[in-house]
Amino acid sequence: MTTVYEKDFDYPIERSRYRLISSYTCPFGNRATIVRRLMKLDDVVSEGLTDSAKTSEYWSFTEQENGVEPVLGASDISEIYHQTDPDYSGPYSVPILVDTETGKVVNQESLDIIRDFTTRFQEIAPSDAPDLYPETLRKEINEAIDFYGEHVLMAMEHATGATDQAVYDEAYNTLFDTFDDLDAFFASHQFLINEQLTLADVVLFTPLSRFDAAFALTGKLNKARLTDYPNLWRYARRLYQMPAFKESTNFKEIQKGFFSGKNGKRLFRSEVIPDGPDFDIWDEPIDD
């Protein structure tokens, strides 16, 4: 992926200088919004959201007052990228971390943003912010992020985008084999690593929270629902019921992004948003 800025992490850490732009729809962006809240950076890094549904080429702000991002003044995400580099030609992705003093993007890779929030921003985070990326566990966390990013999120993405049977079959089998392994693992564990919440759990949560709501339909991933895996389902609910996860997750907006706008027309030739499933079950008590 090409970057619009010249150097990674080449920006000073300052309170109230940066704005995180994301979308409820995007699982990559959702990683950053969750970590921002977990790290209690609400008063350190501000946050803005694009429209959930893409109706044009770029993530837009048409649902904001006057149709522009209230702090940055952009009508769509490409304007922020071009403020950074007028010759930039894409990709125009979320999340992005933007310097509000210059209007320029300083970070556009979700994993870099969440690692930055848990390392460099830790020095100006509240003292009771958790350590989600402890040095002694970083190798293990990184390996888990890579593995579940590929075997869960990208398997869902590949199945959704598949135009070849073999590609779909591989993604389908990869995903449900991984679900089986995770369900067995969580029979005796609460978190992925060292029985503590880490960035690896955040990265796994975002596709899990979109599975029954969207990917099971868009990717023709109909072997089972998340709720059919008792231990994996309990784990996902445990995360969701933490305020930082729940406040960053909006199931109906996720469905709006998947089933309306460009995505709905591309995948289903319509913009009909499903009425189900019942999302209230995410709040059901957890029986450990």
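The model is predicted; local features need pLDDT of at least 70, side-chain atom pairs count only at pLDDT 80 or more, and totals for chains, interfaces and linings use all residues. Residues are numbered from 1 along each chain as its sequence is written, and side-chain values use heavy atoms, with hydrogens and water left out.

**Exercise 1. Pockets**

Solution. 

Step 1. A pocket is an open set of points on a 1 Å grid over the protein atoms alone, where a 1.4 Å probe fits, with protein on both sides within 12 Å along at least five of seven lines. Lining residues have an atom within 4 Å of a point.

Step 2. Take the largest pocket. The lining has 22 residues; Cys26, Lys54, Trp59, Glu157 and Asn263 lie nearest the centre. α10 (261-268) is among the helices that supply at least two lining residues. With four residues, α10 gives the largest share.

Step 3. Take the second largest pocket. Of its 14 lining residues, Tyr5, Glu6, Thr84, Lys104 and Val105 lie nearest the centre. Strand β4 (residues 104-107) gives the most, three residues.

**Exercise 2. Helix α1**

Task: Is α1 mostly covered or mostly exposed?

Solution. 

Step 1. Helices are DSSP runs (H or I, at least four residues; strands are E, at least two), numbered from the N terminus. α1 spans 27-38.

Step 2. Count. Buried means under 20% relative accessible area (1.4 Å probe, protein chains only). In α1, 11 of 12 residues are buried, so the helix is mostly covered.

Step 3. Find the cover. It includes β1 (18-22), β2 (45-49), α3 (110-117), α4, α6 and α8 (243-248).

Step 4. Look past the end. Lys40 follows α1, with a positive phi near 60°.

**Exercise 3. Nonpolar cores**

Task: Which residues have the most contacts inside the largest nonpolar core?

Solution. 

Step 1. Define. A nonpolar core is a set of buried Ala, Val, Leu, Ile, Met, Phe, Trp, Tyr and Cys residues joined through side-chain atoms within 4.5 Å.

Step 2. Read off. The largest core has 76 residues; Leu97, Phe121, Phe179 and Phe211 have the most contacts inside it. α6 gives the most to this core, 12 residues.

Step 3. Separate. Apart from this core lies another of 17 residues, among them Tyr5, Phe61, Ile77 and Tyr92.

Technical notes: Buried < 20%, exposed > 50% of the residue type's maximum accessible area, 1.4 Å probe, protein only. Contact = heavy atoms within 4.5 Å.
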